[in-house]
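Open the model in your viewer and keep the selection panel at hand. The stops below each give a selection and then what is found there.

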Amino acid sequence: MSSSSAASQPSPIAEASPLSLCAREPHVPADRLVAEMVPPPRFDSVRFGTYIPDPNQPSQTEAVQVLESFAAGLGGAHASGGGKPRRGLLGFGRAKAPKTPAGPRGVYLDGGYGVGKTHLLASLWHATPAEPSLKAFGTFVELTNLVGALGFQQTVQTLSGHRLLCIDEFELDDPGDTVLVSTLLGKLVDAGVALAATSNTLPGKLGEGRFAAADFLREIQGLSAHFRALRIDGEDYRHRGLPQAPAPFSDEQVTRAAYATEGASLDDFPGLLEHLARVHPSRYGALTDGLKAVCLTGVQPIPDQSTALRLVVLADRLYDREVPVLASGLPFDRLFSEEMLNGGYRKKYFRAISRLTALARDARGLVAD
């Protein structure tokens, strides 16, 4: 049965048709972008105590200890002095802050994909003794989207009263955006905001086991003195002792599961890829609002790099929100070509494979025995 015919055959076990990602074209107002700068649902409950260091990787235990101390040091008055700063949604009326004290005001978590950097970054956010409205957490892409929505100066005003800004997956592969965010971070450091970040690898830096600290510190230029790099060694925790990616199901199984699962979506994979090209990646989180599962028929190799990078963003948003993904067609570890996996964005593609594989495991219970 073809993917298109499978997706069009309703099951008698369902009372209503499943949702469709392709039918959604969300619009995200700027105030939502600000309000959603918190750890995503997958990391709501993570804490330093729930991070299980690999006993064979002492750097993981050391990172927890350093970050716990860093969080404790962010208590009390705002680093710019004067106690709690005035704040509003867009930060209007906030007095100009004096320069921050000398010394590192940031930490950079340096390690490969799947070693728990985001877990630790979110744990730092949760452990920092400040109201949620005085802490911000987002990916590099989400931060650049905030600048695009509010403008540079307004973004500085919005975030300059915060105690902490956490940036996950700092993008080193776009020089323009790197300069923009580096300039923004400089303003925030001057305002007394503490920083924490993780990053990906620069294109062309393909050595096995190679980390990104040197690239990160070089690319942020004058900010490097404000960061302490914490090396976190280890293998991808999502695959420690776990089986290989589960085999895909049939089109019929995926379709029946979509009709049987309340809040599930059902889309043909090639059609979804085309739809993603029409929706800005800043809206992919909103694209998944309310979904309990994503069902995809006809998964096939990604045709080009632009499409692949869009799928990486969607995979990140689904993983953050713990949305299981049930699919037919090819297994997720065959999505990207050898050329892509050996190219400059390899780290992103391996992360996407890792996360989609984890979500595919989560989805196995949707299929009736």
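This is a predicted model: local features need pLDDT of at least 70, side-chain atom pairs count only at pLDDT 80 or more; totals for chains, interfaces and linings use all residues.

Select strand β1 (residues 106-110) and then β5: the two run parallel and are joined by five bridges. Residues are numbered from 1 along each chain as its sequence is written, and side-chain values use heavy atoms, with hydrogens and water left out.

Now extend the selection to the whole sheet. It is open, has five strands in the order β2-β3-β4-β1-β5, and its pairing is parallel; two strands pair if DSSP finds at least two bridges between them. The edges are β2 (135-139) and β5 (227-231), and each has a single partner strand, so one side of each lacks a neighbour in the sheet. Direction ignored, neighbouring strands are turned by 15° against each other on average.

Next, select helix α4 (residues 117-127). Is this helix enclosed or open? Buried means under 20% relative accessible area, exposed means over 50%, and partly exposed lies in between (1.4 Å probe, protein chains only). Among the buried residues are K117, H119, W125 and H126. To see what covers them, show α3, β1, β2, β3 (164-170), β4 (194-199) and α14 (346-363), which are included in that cover.

From there, go to A63, in helix α3 (residues 58-72). A63 counts as buried because its relative accessibility is 1%. Leaving aside neighbours within four places in sequence, A63 is in contact (heavy atoms within 4.5 Å) with L120, L230 and I232. Also draw a distance from A63 to A229: their C-alpha atoms are separated by 9.8 Å, although the two are 166 residues apart along the chain.

Helix α5 (residues 140-150) comes next; its buried residues are F140, L143, T144, N145, L146, V147 and L150. They pack against α2 (30-35), β2, α6 (152-159), β3 and α7 (175-190). Just after α5, select G151, which takes a positive phi of about 90°.

Move on to S265 in strand β6 (residues 264-268). S265 counts as buried because its relative accessibility is 0%. Beyond neighbours within four places in sequence, its contacts include P18, L19, S20 and L21, and also V294 and C295.

For the last stop, select helix α10 (residues 269-276) and helix α12 (residues 305-320), which pack at an angle of about 95° with their axes 10 Å apart. Axes are lines fitted to C-alpha atoms, for helices over the stretch in contact, and angles run from 0 to 180 degrees between N-to-C directions. That angle makes α10 roughly perpendicular to α12, a term for 65 to 115 degrees. Show side chains for F269, L272, L273 and L276 of α10 and for T307, R310, L311 and L314 of α12, which make the contact.

Finally, zoom out. The chain holds 14 helices and eight strands, and buried residues make up 53% of its 369 residues.

Conventions:
Helices (H or I, at least four residues) and strands (E, at least two) are DSSP runs, numbered from the N terminus. Angles under 35 degrees count as roughly parallel, over 145 as roughly antiparallel, 65 to 115 as roughly perpendicular and the rest as oblique.
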